[in-house]
Amino acid sequence: MTFTTQRREVRSGVGTSADRPDGIPKVKGNFAYSSDLSAHGALWGATLRSPHAHARITRLDIGPALRVPGVSAILTYDDVPGRKVFGLEEADQPVLADGEVRYWGEPIAVVAADDAEDARRALEAIVVEYDVLEPLVDPEEAARRDETFRTMTVRRGDPEARGEVVVEGYYDTGMQDQAPLGPEAGLAIPDGEGGVDLYVATQWSHVDHEQIVAALGVPPDRVRVHLSGIGGAFGAREDVSLQIHLCMLAMHTGRPVRMVYNRAESFVGHVHRHPSRMWYRHEATRDGTLVRVTARLLLDGGAYMSSSRAVMANAAYFAVGPYRCDSVEVHGVMTRTNNPPCGAMRGFGAVQSCFGYESQMDRLADALGMDPVELRLRNALAPGDHMPTTGQLIEGSLPTAEVIERLRAIPLPSGLDATHPLHLPGGTGLTTSPGDVVRGVGYAVGMKNLMFSEAFDDFTEVRIVLTPVGVEIHTAAAEVGQGLITVCQQIARSVLDMEHVAVIFDDTSQIGSAGSTSASRQTQMTGGAVLAATTELRDRILAEYGADRLDAQGVWREGELTVSVDELCQRGPAEHHVRFRHPPTARPDDNGQGDVHVDFAVAAHRAVVDVDPELGLVRVVRVDTVQDVGKVLNPRALVGQIEGGIMQGVGLAVMEELVLDGGRIRNANFTDYLLPTFADAPDVVAEFVEEPSHFGPFGAKGAGEPPTISSTPAVAAAIRAATGRPITRVPVHPDDIIGL
Amino acid sequence: MRITITVNGVDHSVDVRGPESLLHVLREEMALPGSKNACEQGECGSCSVVLDGDVVCSCLVMAVDANGSTVRTVEGYADHDVLHPVQTALLDGGGVQCGFCTPGFVVAAAELFDVNPTPTSDEIREALAGNVCRCTGYGAILRGLEELAARNAGGGA
């Protein structure tokens, strides 16, 4: 055997802008998303949905539909073999309507047919008669009736504390949709032995699996959930949509079944961002020190629970933002109504309250005659301080003042650029005279927890396998586009000194849960697990062979290659499995006090807008940001998270809202639900603060959510600055600017 | 009825019922799922293809109306392992995250660069304003294509 003795350095490790391994198939159109999957002889699934927000089903007759040519199965509530309800936090949502429909679009029956057209005709032939009931759609009325998923009070400090300067206000945020471009889709294939394999785009395959086996009433080993290609998520894929339906149809027919929602169905097929109504009172001394913050937060959870309890908690715990304050009282109410169910969306409760407290900070600065940035700096939360709400001591890093100061130092853009109509409010519609345009600048700062909180047993499993050609990372963590797959590769490369690393997405039978791809958690959790597993494997190998170095060629001692990688793979150890947890968190007490979080991140945003005050049109010119990221693992991927997150925050600020009328969504399509396009996209200047997290691989913090939290109030503040209008609701409509 | 469409240089003959879109036929009948089904109402550009020389949303074209036409889809841009410069530019800039919009951006940007190899930033923005991306915020897509335009300008000098 010939050993080379030239060491090779790893190139695409931690800190580099390593390429995505799925990039080439994605640009070639070869990457298989869940909506691209098919199987020989597969049937098409389709869903009959309620046309009412609230009704009793008085008659449901599938007979005529069963006679439609090509139809193989039509299933209703009675056909759900096991537990007839599902849900992320608590199983409260019927798999198929239980005789009553509680929101517009609730599934009533599912069909499997030879093709999509046959399935559509079968849906039309199902006879349903309803006794239409008055829907409860007003969250304030729901709160009065105690129709709630969670009410909570966070109380801290002296309730008698009073400030000399007091500002109050009401603030509202609309219902935003995640609008991932990939529609809900999946393929279920019966295994011929009473089980089923489901290929689906999800954020958390193991929690889907739990709900599927419960609904099917089968042992867990009968169902395997496989991750398929995922076309974005942003929270929309944390809940079950079509997973149970597909498995039921496949088990019932004994044939593979595919289902792909169209866009209108996608809008009712997943949960949304909770709309909110918030009342705030901020009290401060004359020099701008916060003395007391009181708030009432009303969020509407819609018809079923989803993750509403955790969203409520987040909104309440982050209701003051990254500011010191020793006297706080926050009342939170999460209502149950007949509106569309709401749940996870990027920012998860922290988005809503950030719009409230940051609007208040500007109002307070105005009342004090103080610069709004100075006011924020004066109260900036730092390690060693206590969370204003929960009282938790801030450990590790929280560079609030630094992100604000560095943001302020970024040069502002020059004045209105009228060289191309794209730069004007109203764009190429040529509605705006450049001379009428007014500019505004606004700042906002936001904060969020990273990973799961409130004593949730948050873990992820990773298995590392060494092969003669490199390293395999086995995980069930969902790669939704954010680049976790790349970060995991980079960490393994750096630890093991091996360039060739493959990430293998295991199904639910092959590995334990990775937890959800949400809560900005996968870099720290699954990335942390990869760091732990590769480090432990390397140390076991070095100990076994009395060696001082491992790389792609094998095991080294004192500069000599002593064991080749081929031999190492035969003799072992060549495999290592970890179940990785973050430090435990506590349940809150009755006053919402306790160490309920494990880690935090802050970010600051500055928006520059040009406004046409006559037409009420806004062009967001630039959004600058400085974000607390702990450690940059992949600069290009990180910028991608920041710019993409800001765009969703800008969307909530000026255009994105599901419009409801009696519980019905009036704009369940991309013509009327406005998503920011290239013409709307602001330029972004992004900088990072790298103060290592006390928990996280190489000190890294999750980075996906902070960009979406304070970008929205920064845009609102800029519009206020430009127009002088109060702007207490997002998205901001032209009417709010014109003052009609 | 039976229709024939030349897609990426290959003739495909398929039977259609009538209401199918070109997108549906490409994805379901011709085993070309690269063109994406994000909105199916012409708003997002994920299904963009070149139909007889024009970039169109294939979800808005009836398959029967494309009978006899020549179509280029995202699958028709790379020459085996050699990527089209626009594909490389999108990857290098970081313009690919979930990738669901990427096929549409590849097609629309490749056609832009075919007509204008050195577009300005504003020309890139305007040409791609019909393609929605939900992940990137567009900055990385823009930077990748600006670099390509700069390289093209340098190469021509």
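Trainee: Which residue just after α6(A) takes a positive phi?

Mentor: This is a predicted model, in which local features need pLDDT of at least 70, side-chain atom pairs count only at pLDDT 80 or more, and totals for chains, interfaces and linings use all residues. Residues are numbered from 1 along each chain as its sequence is written, while chains are lettered from A and ligands numbered from 1 in the order in which they are written. Helices are DSSP runs of H or I with at least four residues, and strands are runs of E with at least two, both numbered from the N terminus. Just after α6(A), a positive phi of about 70 degrees is taken by A:Gly254.

Trainee: How many residues of helix α6 of chain A are buried?

Mentor: A residue is buried if 20 or more other C-beta atoms, placed from the backbone, lie within 10 Å of its own, exposed if 12 or fewer do, and partly exposed in between. The buried residues of α6(A) include A:Gln243, A:His245 and A:Met251. Helix α6 (residues 243-253) of chain A is mostly covered, and of its eleven residues the number buried is nine.

Trainee: Is α2(B) parallel or oblique to α3(B)?

Mentor: Axes are lines fitted to C-alpha atoms, for helices over the stretch in contact, and angles run from 0 to 180 degrees between N-to-C directions. Helix α2 (residues 85-93) and helix α3 (residues 102-115) of chain B pack at about 125 degrees, with their axes 9 Å apart. Angles under 35 degrees count as roughly parallel, over 145 as roughly antiparallel, 65 to 115 as roughly perpendicular and the rest as oblique. The angle therefore makes the relation of α2(B) to α3(B) oblique.

Trainee: Which residues of α2(B) make the contact with α3(B)?

Mentor: Two residues are in contact if their C-beta atoms, placed from the backbone, lie within 7 Å. On α3(B), the residues of the contact include B:Phe105, B:Ala109 and B:Phe113. On α2(B), they are B:Val86, B:Gln87 and B:Leu90.

Trainee: How many residues of chain A are in contact with chain B?

Mentor: Chain B contributes 42 residues, and the number on chain A is 46. The elements giving two or more residues to the chain B side are α2, α3, α4 (121-127) and α5 (139-156).

Trainee: What distance separates the centres of domain 2 and domain 3 of chain A?

Mentor: Domain bounds come from an automatic or database domain assignment, which gives domain 2 as 34-134 + 179-269 and domain 3 as 276-453 + 589-738. In chain A, 21 residues of domain 2 are in contact with 25 of domain 3. Taken over C-alpha atoms, the distance between the two centres is 36 Å.
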